[in-house]
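User: Hey, I've just opened this one and I'm new to it. Can you walk me through it?

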There are 2 protein chains.
Amino acid sequence: MKCLMAEVNFSEGKDKELIEQVKEAMLDGDPIDLMEISTDADHNRTVVTFKGEPKAVLEAAKRLSAKAVELIDMTKHVGAHPRIGAVDVVPFIPVKEVTVEEAIEICREFGKFMGDLGVPIYYYEDAATCEGRKSLPKIRKGQYEGLEEKLKDPEWIPDEGPSDFNAKSGATVTGVRFPLIAFNVNLQTKDLEIGKKIVKAVRAATGGYQHVRAIALSLEDRDGIVQVSMNLTNYERTPIHRVFETIKSEAAQYGVGVVDCDLVGPVPVYALMDVLKFYLRTHGFTPEQLYM
Amino acid sequence: MKCLMAEVNFSEGKDKELIEQVKEAMLDGDPIDLMEISTDADHNRTVVTFKGEPKAVLEAAKRLSAKAVELIDMTKHVGAHPRIGAVDVVPFIPVKEVTVEEAIEICREFGKFMGDLGVPIYYYEDAATCEGRKSLPKIRKGQYEGLEEKLKDPEWIPDEGPSDFNAKSGATVTGVRFPLIAFNVNLQTKDLEIGKKIVKAVRAATGGYQHVRAIALSLEDRDGIVQVSMNLTNYERTPIHRVFETIKSEAAQYGVGVVDCDLVGPVPVYALMDVLKFYLRTHGFTPEQLYM
(Lines give C-alpha, C1' and ligand atoms only; values in the text may rest on other atoms or scores of the structure.)
Protein backbone atom coordinates (compact mmCIF):
# COMPACT_ATOMS: atom_id res chain seq x y z
CA MET A 1 0.00 0.00 0.00
CA LYS A 2 1.27 3.43 -0.94
CA CYS A 3 2.16 5.64 1.97
CA LEU A 4 2.98 9.35 1.96
CA MET A 5 3.80 11.42 5.02
CA ALA A 6 3.13 15.15 5.47
CA GLU A 7 4.43 17.49 8.12
CA VAL A 8 2.44 20.70 8.36
CA ASN A 9 4.18 23.50 10.31
CA PHE A 10 1.82 26.31 11.24
CA SER A 11 2.44 29.50 13.20
CA GLU A 12 0.47 29.06 16.40
CA GLY A 13 1.77 27.32 19.52
CA LYS A 14 -0.16 28.99 22.35
CA ASP A 15 -3.88 29.20 21.53
CA LYS A 16 -5.08 25.69 22.36
CA GLU A 17 -8.59 26.28 21.07
CA LEU A 18 -7.30 27.43 17.70
CA ILE A 19 -4.98 24.40 17.48
CA GLU A 20 -7.90 22.11 18.33
CA GLN A 21 -10.03 23.65 15.56
CA VAL A 22 -7.22 23.15 13.04
CA LYS A 23 -6.83 19.53 14.16
CA GLU A 24 -10.57 18.88 13.84
CA ALA A 25 -10.62 20.32 10.32
CA MET A 26 -7.76 17.98 9.38
CA LEU A 27 -9.52 14.89 10.74
CA ASP A 28 -12.86 15.73 9.09
CA GLY A 29 -12.39 13.52 5.98
CA ASP A 30 -10.96 10.23 4.75
CA PRO A 31 -8.90 8.57 7.50
CA ILE A 32 -5.20 9.33 7.82
CA ASP A 33 -2.77 8.11 10.45
CA LEU A 34 -2.09 11.05 12.77
CA MET A 35 1.44 10.42 14.05
CA GLU A 36 2.26 13.41 16.17
CA ILE A 37 1.11 16.93 17.07
CA SER A 38 4.00 18.83 18.59
CA THR A 39 3.27 22.29 19.98
CA ASP A 40 5.90 24.74 21.20
CA ALA A 41 4.78 27.91 22.99
CA ASP A 42 8.21 29.64 22.77
CA HIS A 43 8.41 28.94 19.07
CA ASN A 44 4.68 29.78 18.83
CA ARG A 45 4.48 26.96 16.33
CA THR A 46 2.78 23.58 15.88
CA VAL A 47 3.97 20.67 13.77
CA VAL A 48 1.39 18.09 12.70
CA THR A 49 2.79 14.86 11.26
CA PHE A 50 0.51 12.37 9.53
CA LYS A 51 0.67 9.69 6.86
CA GLY A 52 -1.53 7.49 4.74
CA GLU A 53 -2.82 7.01 1.23
CA PRO A 54 -1.39 9.94 -0.83
CA LYS A 55 -4.75 11.46 -1.87
CA ALA A 56 -6.10 11.27 1.68
CA VAL A 57 -2.92 12.96 2.95
CA LEU A 58 -3.25 15.70 0.34
CA GLU A 59 -6.87 16.38 1.30
CA ALA A 60 -6.06 16.40 5.02
CA ALA A 61 -3.20 18.86 4.40
CA LYS A 62 -5.61 21.11 2.45
CA ARG A 63 -8.28 21.08 5.17
CA LEU A 64 -5.72 21.70 7.91
CA SER A 65 -4.02 24.52 6.03
CA ALA A 66 -7.23 26.24 4.94
CA LYS A 67 -8.38 26.35 8.56
CA ALA A 68 -4.98 27.65 9.76
CA VAL A 69 -5.01 30.38 7.08
CA GLU A 70 -8.54 31.33 8.15
CA LEU A 71 -7.74 31.57 11.87
CA ILE A 72 -4.14 32.84 12.10
CA ASP A 73 -3.25 36.51 11.71
CA MET A 74 0.50 36.91 11.03
CA THR A 75 0.40 40.66 11.76
CA LYS A 76 0.16 39.65 15.45
CA HIS A 77 2.58 36.71 15.41
CA VAL A 78 5.66 36.61 17.67
CA GLY A 79 7.80 33.51 18.12
CA ALA A 80 11.37 32.25 18.43
CA HIS A 81 11.32 29.96 15.39
CA PRO A 82 11.98 31.34 11.89
CA ARG A 83 8.72 31.56 9.88
CA ILE A 84 7.37 33.24 6.78
CA GLY A 85 3.63 32.54 6.99
CA ALA A 86 0.58 31.25 8.86
CA VAL A 87 1.10 27.87 7.22
CA ASP A 88 4.86 28.11 7.20
CA VAL A 89 6.25 24.98 5.62
CA VAL A 90 4.68 21.73 4.41
CA PRO A 91 7.05 18.94 3.32
CA PHE A 92 5.61 15.81 1.72
CA ILE A 93 7.73 12.74 2.42
CA PRO A 94 7.57 9.48 0.44
CA VAL A 95 7.42 6.58 2.90
CA LYS A 96 6.43 3.50 0.91
CA GLU A 97 5.82 2.77 -2.77
CA VAL A 98 5.54 6.47 -3.56
CA THR A 99 8.05 7.90 -6.03
CA VAL A 100 9.50 11.38 -5.65
CA GLU A 101 7.65 12.28 -8.88
CA GLU A 102 4.28 11.23 -7.43
CA ALA A 103 5.00 13.17 -4.26
CA ILE A 104 5.88 16.25 -6.33
CA GLU A 105 2.50 15.99 -8.09
CA ILE A 106 0.72 15.91 -4.74
CA CYS A 107 2.82 18.83 -3.52
CA ARG A 108 1.99 20.88 -6.62
CA GLU A 109 -1.73 20.20 -6.14
CA PHE A 110 -1.38 21.42 -2.59
CA GLY A 111 0.53 24.51 -3.78
CA LYS A 112 -2.17 25.40 -6.33
CA PHE A 113 -4.86 25.01 -3.68
CA MET A 114 -3.01 27.33 -1.30
CA GLY A 115 -2.31 29.80 -4.12
CA ASP A 116 -6.05 29.93 -4.86
CA LEU A 117 -6.58 30.87 -1.21
CA GLY A 118 -4.48 33.96 -1.92
CA VAL A 119 -1.22 32.76 -0.36
CA PRO A 120 2.10 33.16 -2.27
CA ILE A 121 3.70 29.71 -2.61
CA TYR A 122 7.32 28.63 -2.98
CA TYR A 123 8.33 25.07 -3.85
CA TYR A 124 11.50 23.77 -2.17
CA GLU A 125 13.85 20.74 -2.05
CA ASP A 126 12.88 18.08 -4.61
CA ALA A 127 9.84 20.14 -5.70
CA ALA A 128 11.84 23.33 -6.32
CA THR A 129 11.40 25.04 -9.71
CA CYS A 130 15.02 26.17 -9.79
CA GLU A 131 18.31 25.50 -8.00
CA GLY A 132 18.10 28.74 -5.97
CA ARG A 133 14.84 27.66 -4.35
CA LYS A 134 15.91 24.24 -3.10
CA SER A 135 16.95 25.47 0.34
CA LEU A 136 14.27 26.30 2.91
CA PRO A 137 16.49 28.73 4.88
CA LYS A 138 17.15 30.72 1.67
CA ILE A 139 13.45 31.00 0.87
CA ARG A 140 12.61 31.90 4.45
CA LYS A 141 15.46 34.43 4.77
CA GLY A 142 14.10 37.78 5.99
CA GLN A 143 11.14 35.92 7.42
CA TYR A 144 7.55 37.21 7.49
CA GLU A 145 8.77 40.72 8.33
CA GLY A 146 10.87 40.89 5.15
CA LEU A 147 8.35 39.21 2.85
CA GLU A 148 6.70 42.37 1.48
CA GLU A 149 10.10 43.58 0.18
CA LYS A 150 11.13 40.10 -1.02
CA LEU A 151 7.98 39.80 -3.16
CA LYS A 152 8.99 42.96 -5.04
CA ASP A 153 12.25 41.30 -6.13
CA PRO A 154 11.76 39.65 -9.58
CA GLU A 155 13.94 36.77 -8.35
CA TRP A 156 11.32 35.89 -5.76
CA ILE A 157 8.11 35.82 -7.82
CA PRO A 158 6.11 33.02 -6.17
CA ASP A 159 5.66 29.64 -7.89
CA GLU A 160 1.92 29.78 -7.25
CA GLY A 161 -0.56 32.34 -5.94
CA PRO A 162 -0.40 36.13 -5.93
CA SER A 163 2.79 38.19 -6.01
CA ASP A 164 1.11 40.70 -3.76
CA PHE A 165 1.94 40.69 -0.06
CA ASN A 166 -0.75 38.94 2.00
CA ALA A 167 -0.31 40.53 5.43
CA LYS A 168 -2.63 38.16 7.22
CA SER A 169 -1.20 34.85 5.89
CA GLY A 170 2.37 35.57 4.74
CA ALA A 171 3.71 32.89 2.36
CA THR A 172 3.85 29.10 2.41
CA VAL A 173 6.81 26.92 1.44
CA THR A 174 5.97 23.40 0.34
CA GLY A 175 8.09 20.64 -1.10
CA VAL A 176 9.15 17.04 -1.23
CA ARG A 177 11.97 15.50 0.68
CA PHE A 178 13.17 12.12 1.79
CA PRO A 179 12.50 11.17 5.45
CA LEU A 180 14.95 12.96 7.72
CA ILE A 181 16.67 10.99 10.43
CA ALA A 182 17.87 12.93 13.46
CA PHE A 183 20.95 11.03 14.65
CA ASN A 184 23.28 12.20 17.42
CA VAL A 185 26.57 10.59 18.38
CA ASN A 186 27.84 11.39 21.88
CA LEU A 187 31.61 11.42 22.36
CA GLN A 188 33.57 10.82 25.55
CA THR A 189 35.41 14.14 25.46
CA LYS A 190 35.16 17.69 26.77
CA ASP A 191 37.05 18.98 23.76
CA LEU A 192 34.63 20.63 21.36
CA GLU A 193 37.43 20.94 18.78
CA ILE A 194 37.45 17.17 18.37
CA GLY A 195 33.70 17.27 17.74
CA LYS A 196 34.23 19.96 15.13
CA LYS A 197 36.91 17.92 13.36
CA ILE A 198 34.56 14.96 13.19
CA VAL A 199 31.77 17.14 11.84
CA LYS A 200 34.14 18.23 9.07
CA ALA A 201 34.88 14.61 8.27
CA VAL A 202 31.28 13.51 7.85
CA ARG A 203 29.22 16.38 6.49
CA ALA A 204 28.71 17.08 2.82
CA ALA A 205 29.71 20.75 3.04
CA THR A 206 33.31 19.86 3.99
CA GLY A 207 33.91 16.75 1.90
CA GLY A 208 32.00 14.16 3.92
CA TYR A 209 28.89 12.18 3.06
CA GLN A 210 26.46 13.67 0.56
CA HIS A 211 23.37 13.44 2.77
CA VAL A 212 24.71 14.49 6.18
CA ARG A 213 24.14 17.84 7.85
CA ALA A 214 26.02 18.10 11.14
CA ILE A 215 27.09 20.39 13.96
CA ALA A 216 29.14 19.78 17.12
CA LEU A 217 28.06 20.98 20.55
CA SER A 218 28.89 20.52 24.21
CA LEU A 219 25.96 18.92 26.02
CA GLU A 220 24.82 21.14 28.87
CA ASP A 221 23.06 18.40 30.80
CA ARG A 222 25.82 15.81 30.46
CA ASP A 223 29.20 16.96 31.66
CA GLY A 224 32.22 15.97 29.61
CA ILE A 225 30.31 14.94 26.52
CA VAL A 226 30.56 16.48 23.06
CA GLN A 227 27.74 15.67 20.67
CA VAL A 228 27.86 15.37 16.91
CA SER A 229 24.26 16.28 16.08
CA MET A 230 23.15 15.25 12.60
CA ASN A 231 20.33 15.17 10.13
CA LEU A 232 20.64 12.33 7.65
CA THR A 233 18.66 13.52 4.65
CA ASN A 234 18.69 10.29 2.62
CA TYR A 235 19.19 7.11 4.61
CA GLU A 236 19.15 4.95 1.46
CA ARG A 237 22.21 6.64 0.00
CA THR A 238 23.92 7.58 3.24
CA PRO A 239 22.87 4.94 5.77
CA ILE A 240 23.05 5.35 9.54
CA HIS A 241 25.63 2.62 10.15
CA ARG A 242 28.11 4.03 7.65
CA VAL A 243 28.06 7.44 9.29
CA PHE A 244 28.30 5.84 12.73
CA GLU A 245 31.27 3.64 11.82
CA THR A 246 33.08 6.60 10.25
CA ILE A 247 32.58 8.69 13.37
CA LYS A 248 33.77 5.81 15.55
CA SER A 249 36.99 5.42 13.58
CA GLU A 250 37.61 9.16 13.24
CA ALA A 251 37.14 9.61 17.01
CA ALA A 252 39.56 6.77 17.72
CA GLN A 253 42.50 8.71 16.27
CA TYR A 254 42.06 11.19 19.15
CA GLY A 255 41.67 8.36 21.67
CA VAL A 256 38.01 9.27 22.04
CA GLY A 257 35.22 6.70 22.30
CA VAL A 258 31.53 6.85 21.47
CA VAL A 259 29.47 6.86 24.67
CA ASP A 260 26.07 6.37 23.08
CA CYS A 261 23.82 7.61 20.30
CA ASP A 262 20.33 9.06 19.98
CA LEU A 263 17.82 8.41 17.23
CA VAL A 264 15.40 11.29 17.80
CA GLY A 265 11.75 11.29 16.76
CA PRO A 266 10.12 9.04 14.15
CA VAL A 267 12.44 6.70 12.24
CA PRO A 268 11.41 4.78 9.10
CA VAL A 269 11.70 1.08 9.78
CA TYR A 270 13.47 0.66 6.42
CA ALA A 271 16.41 2.69 7.71
CA LEU A 272 16.89 0.13 10.47
CA MET A 273 16.66 -2.77 8.03
CA ASP A 274 19.84 -1.40 6.44
CA VAL A 275 21.52 -1.24 9.84
CA LEU A 276 20.56 -4.84 10.64
CA LYS A 277 21.73 -5.98 7.23
CA PHE A 278 25.11 -4.39 7.83
CA TYR A 279 25.72 -5.73 11.32
CA LEU A 280 23.82 -9.04 11.31
CA ARG A 281 24.02 -9.71 7.54
CA THR A 282 20.29 -10.45 7.44
CA HIS A 283 19.83 -9.82 3.74
CA GLY A 284 16.38 -11.35 3.40
CA PHE A 285 14.77 -9.77 6.45
CA THR A 286 11.73 -7.53 5.85
CA PRO A 287 9.78 -5.14 8.10
CA GLU A 288 6.68 -7.29 7.57
CA GLN A 289 8.27 -9.92 9.85
CA LEU A 290 8.32 -7.53 12.80
CA TYR A 291 5.61 -7.50 15.42
CA MET A 292 5.12 -5.69 18.70
CA MET B 1 -1.82 -2.18 25.84
CA LYS B 2 -1.38 -5.78 26.89
CA CYS B 3 -0.61 -8.18 24.09
CA LEU B 4 -0.57 -11.97 24.18
CA MET B 5 0.15 -14.23 21.22
CA ALA B 6 -1.19 -17.74 20.69
CA GLU B 7 -0.10 -20.36 18.19
CA VAL B 8 -2.65 -23.12 17.72
CA ASN B 9 -1.30 -26.23 15.97
CA PHE B 10 -4.06 -28.54 14.78
CA SER B 11 -3.86 -31.83 12.89
CA GLU B 12 -5.33 -31.07 9.48
CA GLY B 13 -3.38 -29.69 6.54
CA LYS B 14 -5.26 -30.99 3.51
CA ASP B 15 -9.02 -30.45 3.91
CA LYS B 16 -9.41 -26.78 2.95
CA GLU B 17 -13.09 -26.65 3.84
CA LEU B 18 -12.43 -27.95 7.34
CA ILE B 19 -9.59 -25.45 7.83
CA GLU B 20 -11.89 -22.64 6.66
CA GLN B 21 -14.58 -23.66 9.18
CA VAL B 22 -12.01 -23.68 11.99
CA LYS B 23 -10.80 -20.24 10.92
CA GLU B 24 -14.34 -18.86 10.82
CA ALA B 25 -15.05 -20.18 14.32
CA MET B 26 -11.90 -18.43 15.57
CA LEU B 27 -12.87 -15.08 14.02
CA ASP B 28 -16.47 -15.22 15.32
CA GLY B 29 -15.92 -13.09 18.46
CA ASP B 30 -13.99 -10.12 19.85
CA PRO B 31 -11.36 -8.95 17.37
CA ILE B 32 -7.88 -10.44 17.45
CA ASP B 33 -4.98 -9.77 15.10
CA LEU B 34 -4.64 -12.84 12.86
CA MET B 35 -0.94 -12.93 11.98
CA GLU B 36 -0.51 -16.09 9.95
CA ILE B 37 -2.22 -19.32 8.92
CA SER B 38 0.37 -21.78 7.72
CA THR B 39 -0.87 -25.06 6.27
CA ASP B 40 1.35 -28.00 5.34
CA ALA B 41 -0.18 -30.92 3.43
CA ASP B 42 2.79 -33.29 4.02
CA HIS B 43 2.72 -32.58 7.72
CA ASN B 44 -1.10 -32.66 7.54
CA ARG B 45 -1.03 -29.82 10.00
CA THR B 46 -2.05 -26.16 10.28
CA VAL B 47 -0.55 -23.49 12.52
CA VAL B 48 -2.66 -20.43 13.30
CA THR B 49 -0.82 -17.51 14.90
CA PHE B 50 -2.73 -14.59 16.37
CA LYS B 51 -2.34 -11.94 19.04
CA GLY B 52 -4.28 -9.31 20.92
CA GLU B 53 -5.83 -8.52 24.27
CA PRO B 54 -5.25 -11.64 26.46
CA LYS B 55 -8.93 -12.44 27.12
CA ALA B 56 -9.82 -12.05 23.44
CA VAL B 57 -6.92 -14.35 22.53
CA LEU B 58 -8.07 -16.93 25.06
CA GLU B 59 -11.63 -16.90 23.70
CA ALA B 60 -10.43 -17.14 20.10
CA ALA B 61 -8.20 -20.11 21.04
CA LYS B 62 -11.19 -21.80 22.69
CA ARG B 63 -13.50 -21.30 19.70
CA LEU B 64 -10.84 -22.45 17.25
CA SER B 65 -9.95 -25.53 19.31
CA ALA B 66 -13.53 -26.55 20.02
CA LYS B 67 -14.27 -26.51 16.31
CA ALA B 68 -11.10 -28.48 15.48
CA VAL B 69 -11.95 -31.09 18.13
CA GLU B 70 -15.47 -31.34 16.67
CA LEU B 71 -14.33 -31.82 13.07
CA ILE B 72 -11.05 -33.79 13.25
CA ASP B 73 -10.95 -37.55 13.74
CA MET B 74 -7.48 -38.67 14.81
CA THR B 75 -8.22 -42.34 14.07
CA LYS B 76 -7.84 -41.39 10.38
CA HIS B 77 -4.90 -38.98 10.70
CA VAL B 78 -1.64 -39.54 8.80
CA GLY B 79 1.10 -36.92 8.60
CA ALA B 80 4.88 -36.40 8.67
CA HIS B 81 4.95 -34.08 11.71
CA PRO B 82 4.92 -35.51 15.26
CA ARG B 83 1.48 -35.04 16.89
CA ILE B 84 -0.51 -36.36 19.81
CA GLY B 85 -3.99 -34.91 19.20
CA ALA B 86 -6.50 -33.10 16.99
CA VAL B 87 -5.52 -29.86 18.69
CA ASP B 88 -1.90 -30.82 19.11
CA VAL B 89 -0.08 -28.01 20.86
CA VAL B 90 -1.10 -24.50 21.89
CA PRO B 91 1.64 -22.21 23.24
CA PHE B 92 0.69 -18.82 24.68
CA ILE B 93 3.44 -16.27 24.21
CA PRO B 94 3.72 -12.99 26.19
CA VAL B 95 4.42 -10.16 23.74
CA LYS B 96 3.83 -6.91 25.61
CA GLU B 97 2.99 -6.00 29.21
CA VAL B 98 1.88 -9.56 29.96
CA THR B 99 3.78 -11.41 32.69
CA VAL B 100 4.54 -15.11 32.46
CA GLU B 101 2.21 -15.58 35.46
CA GLU B 102 -0.70 -13.90 33.65
CA ALA B 103 -0.03 -16.00 30.57
CA ILE B 104 -0.03 -19.15 32.72
CA GLU B 105 -3.46 -18.19 34.10
CA ILE B 106 -4.80 -17.81 30.56
CA CYS B 107 -3.20 -21.12 29.57
CA ARG B 108 -4.77 -22.91 32.55
CA GLU B 109 -8.21 -21.51 31.68
CA PHE B 110 -7.71 -22.85 28.18
CA GLY B 111 -6.61 -26.22 29.57
CA LYS B 112 -9.69 -26.52 31.80
CA PHE B 113 -11.95 -25.64 28.85
CA MET B 114 -10.34 -28.33 26.70
CA GLY B 115 -10.46 -30.83 29.58
CA ASP B 116 -14.20 -30.20 29.89
CA LEU B 117 -14.51 -31.11 26.20
CA GLY B 118 -13.16 -34.53 27.15
CA VAL B 119 -9.57 -34.04 25.97
CA PRO B 120 -6.64 -35.05 28.23
CA ILE B 121 -4.42 -31.98 28.75
CA TYR B 122 -0.71 -31.64 29.52
CA TYR B 123 0.87 -28.31 30.50
CA TYR B 124 4.40 -27.73 29.17
CA GLU B 125 7.31 -25.24 29.32
CA ASP B 126 6.61 -22.39 31.77
CA ALA B 127 3.12 -23.76 32.52
CA ALA B 128 4.37 -27.28 33.35
CA THR B 129 3.22 -28.77 36.66
CA CYS B 130 6.52 -30.63 37.16
CA GLU B 131 10.05 -30.65 35.72
CA GLY B 132 9.40 -33.82 33.70
CA ARG B 133 6.64 -32.15 31.71
CA LYS B 134 8.51 -29.05 30.60
CA SER B 135 9.65 -30.52 27.29
CA LEU B 136 7.15 -30.85 24.43
CA PRO B 137 9.05 -33.72 22.73
CA LYS B 138 8.95 -35.73 25.98
CA ILE B 139 5.18 -35.26 26.37
CA ARG B 140 4.60 -36.05 22.71
CA LYS B 141 6.91 -39.10 22.71
CA GLY B 142 5.05 -42.13 21.35
CA GLN B 143 2.68 -39.73 19.59
CA TYR B 144 -1.05 -40.29 19.13
CA GLU B 145 -0.47 -44.00 18.42
CA GLY B 146 1.21 -44.48 21.82
CA LEU B 147 -1.18 -42.30 23.82
CA GLU B 148 -3.53 -45.06 24.99
CA GLU B 149 -0.62 -46.88 26.66
CA LYS B 150 0.93 -43.66 27.98
CA LEU B 151 -2.31 -42.70 29.77
CA LYS B 152 -2.15 -45.98 31.72
CA ASP B 153 1.24 -44.94 33.17
CA PRO B 154 0.69 -43.17 36.56
CA GLU B 155 3.51 -40.79 35.60
CA TRP B 156 1.42 -39.49 32.72
CA ILE B 157 -1.92 -38.75 34.40
CA PRO B 158 -3.14 -35.62 32.55
CA ASP B 159 -3.07 -32.18 34.20
CA GLU B 160 -6.69 -31.59 33.16
CA GLY B 161 -9.48 -33.63 31.58
CA PRO B 162 -10.05 -37.38 31.57
CA SER B 163 -7.36 -40.04 32.00
CA ASP B 164 -9.23 -42.22 29.57
CA PHE B 165 -8.02 -42.43 25.99
CA ASN B 166 -10.07 -40.23 23.64
CA ALA B 167 -9.58 -41.96 20.29
CA LYS B 168 -11.17 -39.19 18.23
CA SER B 169 -9.28 -36.23 19.74
CA GLY B 170 -6.08 -37.60 21.29
CA ALA B 171 -4.51 -35.21 23.80
CA THR B 172 -3.60 -31.52 23.77
CA VAL B 173 -0.39 -29.95 25.06
CA THR B 174 -0.64 -26.30 26.07
CA GLY B 175 1.82 -24.00 27.76
CA VAL B 176 3.56 -20.67 28.00
CA ARG B 177 6.83 -19.78 26.41
CA PHE B 178 8.83 -16.74 25.45
CA PRO B 179 8.76 -15.75 21.75
CA LEU B 180 11.04 -18.04 19.76
CA ILE B 181 13.42 -16.50 17.26
CA ALA B 182 14.54 -18.68 14.37
CA PHE B 183 18.04 -17.46 13.54
CA ASN B 184 20.38 -19.13 11.04
CA VAL B 185 24.01 -18.23 10.46
CA ASN B 186 25.48 -19.31 7.12
CA LEU B 187 29.19 -20.14 7.06
CA GLN B 188 31.58 -19.98 4.12
CA THR B 189 32.69 -23.61 4.36
CA LYS B 190 31.84 -27.06 3.00
CA ASP B 191 33.08 -28.68 6.19
CA LEU B 192 30.11 -29.77 8.28
CA GLU B 193 32.48 -30.62 11.15
CA ILE B 194 33.23 -26.92 11.62
CA GLY B 195 29.50 -26.25 11.82
CA LYS B 196 29.16 -28.97 14.45
CA LYS B 197 32.00 -27.49 16.52
CA ILE B 198 30.32 -24.10 16.46
CA VAL B 199 26.98 -25.64 17.45
CA LYS B 200 28.74 -27.17 20.46
CA ALA B 201 30.14 -23.77 21.39
CA VAL B 202 26.82 -21.95 21.40
CA ARG B 203 24.06 -24.30 22.48
CA ALA B 204 23.02 -24.86 26.08
CA ALA B 205 23.26 -28.66 25.93
CA THR B 206 27.06 -28.54 25.38
CA GLY B 207 28.05 -25.59 27.57
CA GLY B 208 26.96 -22.68 25.39
CA TYR B 209 24.25 -20.10 25.91
CA GLN B 210 21.30 -21.01 28.12
CA HIS B 211 18.59 -20.19 25.58
CA VAL B 212 20.05 -21.53 22.34
CA ARG B 213 19.01 -24.71 20.58
CA ALA B 214 21.15 -25.40 17.52
CA ILE B 215 22.01 -27.89 14.80
CA ALA B 216 24.49 -27.74 11.90
CA LEU B 217 23.56 -28.73 8.36
CA SER B 218 24.88 -28.49 4.81
CA LEU B 219 22.55 -26.36 2.71
CA GLU B 220 21.31 -28.33 -0.27
CA ASP B 221 20.39 -25.32 -2.36
CA ARG B 222 23.57 -23.33 -1.68
CA ASP B 223 26.76 -25.16 -2.51
CA GLY B 224 29.68 -24.81 -0.12
CA ILE B 225 27.67 -23.35 2.75
CA VAL B 226 27.21 -24.88 6.19
CA GLN B 227 24.37 -23.47 8.26
CA VAL B 228 24.12 -23.16 12.02
CA SER B 229 20.34 -23.31 12.44
CA MET B 230 19.09 -22.04 15.79
CA ASN B 231 16.09 -21.34 17.93
CA LEU B 232 16.70 -18.60 20.45
CA THR B 233 14.19 -19.30 23.20
CA ASN B 234 14.66 -16.15 25.26
CA TYR B 235 16.01 -13.15 23.37
CA GLU B 236 16.11 -10.99 26.52
CA ARG B 237 18.58 -13.25 28.29
CA THR B 238 20.39 -14.58 25.25
CA PRO B 239 20.19 -11.81 22.64
CA ILE B 240 20.70 -12.29 18.90
CA HIS B 241 23.83 -10.16 18.62
CA ARG B 242 25.67 -12.03 21.37
CA VAL B 243 25.11 -15.37 19.68
CA PHE B 244 26.05 -13.88 16.32
CA GLU B 245 29.30 -12.34 17.57
CA THR B 246 30.26 -15.58 19.30
CA ILE B 247 29.71 -17.57 16.13
CA LYS B 248 31.70 -15.02 14.13
CA SER B 249 34.69 -15.29 16.44
CA GLU B 250 34.47 -19.07 16.80
CA ALA B 251 34.34 -19.45 13.01
CA ALA B 252 37.36 -17.19 12.60
CA GLN B 253 39.66 -19.69 14.33
CA TYR B 254 39.04 -22.05 11.39
CA GLY B 255 39.54 -19.24 8.90
CA VAL B 256 35.83 -19.34 8.10
CA GLY B 257 33.67 -16.26 7.57
CA VAL B 258 29.96 -15.63 7.99
CA VAL B 259 28.31 -15.26 4.56
CA ASP B 260 24.93 -14.07 5.78
CA CYS B 261 22.17 -14.78 8.29
CA ASP B 262 18.45 -15.48 8.20
CA LEU B 263 15.84 -14.30 10.66
CA VAL B 264 12.95 -16.62 9.78
CA GLY B 265 9.27 -15.86 10.42
CA PRO B 266 7.88 -13.29 12.85
CA VAL B 267 10.39 -11.45 15.04
CA PRO B 268 9.43 -9.33 18.06
CA VAL B 269 10.55 -5.76 17.46
CA TYR B 270 11.98 -5.68 21.01
CA ALA B 271 14.57 -8.29 20.02
CA LEU B 272 15.86 -5.92 17.37
CA MET B 273 15.98 -3.00 19.80
CA ASP B 274 18.61 -4.99 21.71
CA VAL B 275 20.58 -5.53 18.52
CA LEU B 276 20.49 -1.82 17.67
CA LYS B 277 21.49 -0.91 21.20
CA PHE B 278 24.51 -3.16 20.96
CA TYR B 279 25.75 -2.01 17.57
CA LEU B 280 24.57 1.62 17.41
CA ARG B 281 24.48 2.27 21.19
CA THR B 282 21.00 3.77 20.88
CA HIS B 283 20.01 3.29 24.50
CA GLY B 284 16.92 5.49 24.49
CA PHE B 285 15.39 4.25 21.24
CA THR B 286 11.90 2.71 21.47
CA PRO B 287 9.78 0.74 18.98
CA GLU B 288 7.14 3.47 19.19
CA GLN B 289 9.48 5.68 17.14
CA LEU B 290 9.37 3.31 14.19
CA TYR B 291 7.03 3.80 11.27
CA MET B 292 6.54 2.09 7.94
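User: Which residue is the bridge partner of A:Ala214 in strand 9 of chain A?
Analyst: That's A:Met230. Strand 8 and strand 9 (residues 226-232) of chain A run antiparallel, joined by 7 bridges. Two strands count as paired if DSSP finds at least two bridges between them. Helices (H or I, at least four residues) and strands (E, at least two) are DSSP runs, numbered from the N terminus. Bear in mind that this is a predicted model: local features need pLDDT of at least 70, side-chain atom pairs count only at pLDDT 80 or more, and totals for chains, interfaces and linings use all residues. Residues are numbered from 1 along each chain as its sequence is written, while chains are lettered from A and ligands numbered from 1 in the order in which they are written.

User: What sheet are those strands in, and in which order do the strands come?
Analyst: An open sheet of 4 strands in chain A, in the order 8-9-7-10, with antiparallel pairing. Strand 8 (212-218) and strand 10 of chain A are at the edges with a single partner strand each, so one side of each has no neighbour in the sheet. From one strand to the next, the twist averages 20°.

User: Which helix packs on the sheet and touches strand 7, strand 8 and strand 9 of chain A?
Analyst: Helix 6 (residues 192-202) of chain A, whose direction makes about 180° with that of strand 8 of chain A. Then there's helix 7 of chain A, which lies across strand 7, strand 8, strand 9 and strand 10 of chain A and runs at about 20° to strand 7 of chain A. Axes here are lines fitted to C-alpha atoms, for helices over the stretch in contact, and angles run from 0 to 180 degrees between N-to-C directions. Contact means that the C-beta atoms of two residues, placed from the backbone, lie within 7 Å.

User: Switching topic: is strand 6 of chain A buried or exposed?
Analyst: Buried: that goes for 5 of the 5 residues of strand 6 (residues 172-176) of chain A, so the strand is largely enclosed by the rest of the structure. A residue is buried if 20 or more other C-beta atoms lie within 10 Å of its own, exposed if 12 or fewer, and partly exposed in between, with C-beta atoms placed from the backbone.

User: What does strand 6 of chain A pair with?
Analyst: Strand 4 (residues 87-96) of chain A runs parallel to strand 6 of chain A, with 4 bridges, and A:Val90 stands opposite A:Thr174. Strand 5 (residues 121-125) of chain A is also parallel to strand 6 of chain A, with 5 bridges. There A:Tyr124 has A:Gly175 as its bridge partner.

User: Which strand of chain B pairs with strand 12 of chain A?
Analyst: Strand 11 (residues 267-268) of chain B, in the parallel sense over 2 bridges. A:Leu290 has B:Val267 as its bridge partner there.

User: Where do I find positive phi values in residues other than glycine?
Analyst: One is A:Glu97, with phi near 55°, in the loop between strand 4 and helix 3 (100-116) of chain A. A:Glu97 counts as exposed, with 11 C-beta neighbours inside 10 Å. Another is B:Arg281, with a phi of about 60°, in the loop between helix 8 (269-280) and strand 12 (290-291) of chain B. B:Arg281 is partly exposed, with 18 other C-beta atoms within 10 Å.
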